[in-house]
Amino acid sequence: MPTLPKIIARACFGLGAAALAVLAAEPAQAQAADTSFFVTSVGIGNGANLGGLAGADNYCQTLAQAAGAGAKTWHAYLSTQEADGKPAVNARDRIGKGPWQNSKGVVIAKDVAELHGENNINKQTALTEKGEVNNGLGDTPNRHDVLTGSQADGTAFPAGEDRTCKNWTSSTQGAAMLGHSDRNGTPSPTMNSWNASHPSRGPDGGCSQKDLVSTGGAGLLYCFAAN
């Protein structure tokens with residue numbers, strides 16, 4: 001039978017281990033709460049039909065909530081084009097003023113100007129809401145294509161040629177501008193662009209899940225804390 005001193009020692013050891021576990025968890029929780037930028041770990045699954053901007057924003061909010069960063073207001077980095085009497089919306093105007101940091105506390109841009117200039121987005125910093133590195137060029141599967149519908153300066157494309165899969169409501173016809181989250185791609189003038197590398201394409205029309213996957217994506221989004 002254990003003596004009283006041994007029982008007390010074991011109890012103290014158990015309390016000590018529990019305290020260490022709490023202390024280890026606290027920094028991770030605080031880090032998650034401070035996250036203000038991530039790439040979605042998975043797409044909605046319906047190609048570029050996101051349910052419009054509202055559906056995309058809600059998706060970002062849901063993933064952020066699951067990751068412990070739901071206290072902020074999250075918006076998807078997406079532009080829409082002028083259509084049906086509604087004005088265009090610029091992605092750069094939807095994401096707040098910054099600064100933004102990933103789940104590891106690394107700042108990717110201090111403000112909107114830096115985000116669209118010399119930012120710190122690359123394969124190692126464009127982490128998912130889970131804090132994981134997103135697959136890029138050379139990985140299997142490559143998933144570096146991220147939906148943006150935006151020009152390099154974060155503004156919408158003019159009305160006419162579709163670059164937003166019908167303002168994020170189509171999973172068949174149309175096309176969406178994509179960025180490379182790893183800032184890498186096949187040789188082209190825009191291969192290093194995080195938000196305006198190339199349009200989607202494919203046999204289904206360019207906006208289906210199959211088409212997005214075929215060009216190196218999965219219907220992923222950039223999500224930013226707007227407050």
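At 0% relative accessibility, Cys207 falls under the 20% limit and so counts as buried. The legends below describe a predicted model.

**View 1. The disulfide of Cys165 and Cys207.** The sulfur atoms of Cys165 and Cys207 lie 2.0 Å apart and form a disulfide. The partners belong to distant parts of the chain, 42 residues apart: Cys165 is in helix 4 (residues 165–168), and Cys207 is in the loop between strand 7 (198–199) and helix 5 (209–214). The angle about the S-S bond is -95 degrees, and the link of Cys165 and Cys207 is left-handed. Cys165 has a relative accessible area of 0% and is therefore buried; Cys207, also at 0%, is buried too.

**View 2. The disulfide of Cys60 and Cys223.** Cys60 is joined to Cys223 by a disulfide with an S to S distance of 2.0 Å. This pair links distant parts of the chain, with Cys60 in helix 2 (residues 52–66) and Cys223 in strand 8 (residues 217–225), 163 residues apart. The link of Cys60 and Cys223 is left-handed, with -75 degrees about the S-S bond. Cys60 and Cys223 are both buried. The count of disulfides in the model is 2. With the bonded cysteines counted along the chain, the pattern of the disulfides is 1-4, 2-3.

**View 3. Helix 2 and its surroundings.** Helix 2 consists of 15 residues and spans 22 Å from its first C-alpha to its last, close to the 21 Å expected at 1.5 Å a residue. Its buried residues are Gly52, Leu53, Ala56, Asp57, Tyr59, Cys60, Leu63 and Ala64. An α-helix has 3.6 residues a turn, so residues three or four places apart point the same way. The elements that cover the buried residues of helix 2 include strand 1 (37–39), strand 2 (74–76), helix 4 and strand 8. Just after helix 2, Gly68 has a positive phi of about 95 degrees.

**View 4. The salt bridge of Asp57 and Arg94.** Asp57 and Arg94 form a salt bridge in which the closest N and O atoms are 2.5 Å apart. The two residues come from distant parts of the chain, 37 residues apart: Asp57 is in helix 2, and Arg94 is in the loop between strand 2 and strand 3 (100–101). Both Asp57 and Arg94 are buried. The count of salt bridges in the model is 4.

**View 5. The salt bridge of Lys123 and Asp139.** A salt bridge joins the side chains of Lys123 and Asp139, at 2.6 Å from N to O.

**View 6. The salt bridge of Arg163 and Glu161.** The side chains of Arg163 and Glu161 form a salt bridge, 3.0 Å from N to O. Arg163 counts as buried because its relative accessibility is 14%. Glu161, in contrast, is exposed, with a relative accessible area of 58%.

Notes: Residues are numbered from 1 along each chain as its sequence is written. This is a predicted model: local features need pLDDT of at least 70, side-chain atom pairs count only at pLDDT 80 or more; totals for chains, interfaces and linings use all residues. Side-chain values use heavy atoms; hydrogens and water are left out. A disulfide is a pair of cysteine sulfur atoms within 2.5 Å. Helices (H or I, at least four residues) and strands (E, at least two) are DSSP runs, numbered from the N terminus. Buried means under 20% relative accessible area, exposed over 50%, partly exposed in between (1.4 Å probe, protein chains only). The expected span of a helix is 1.5 Å times one less than its number of residues. Contact means heavy atoms within 4.5 Å.
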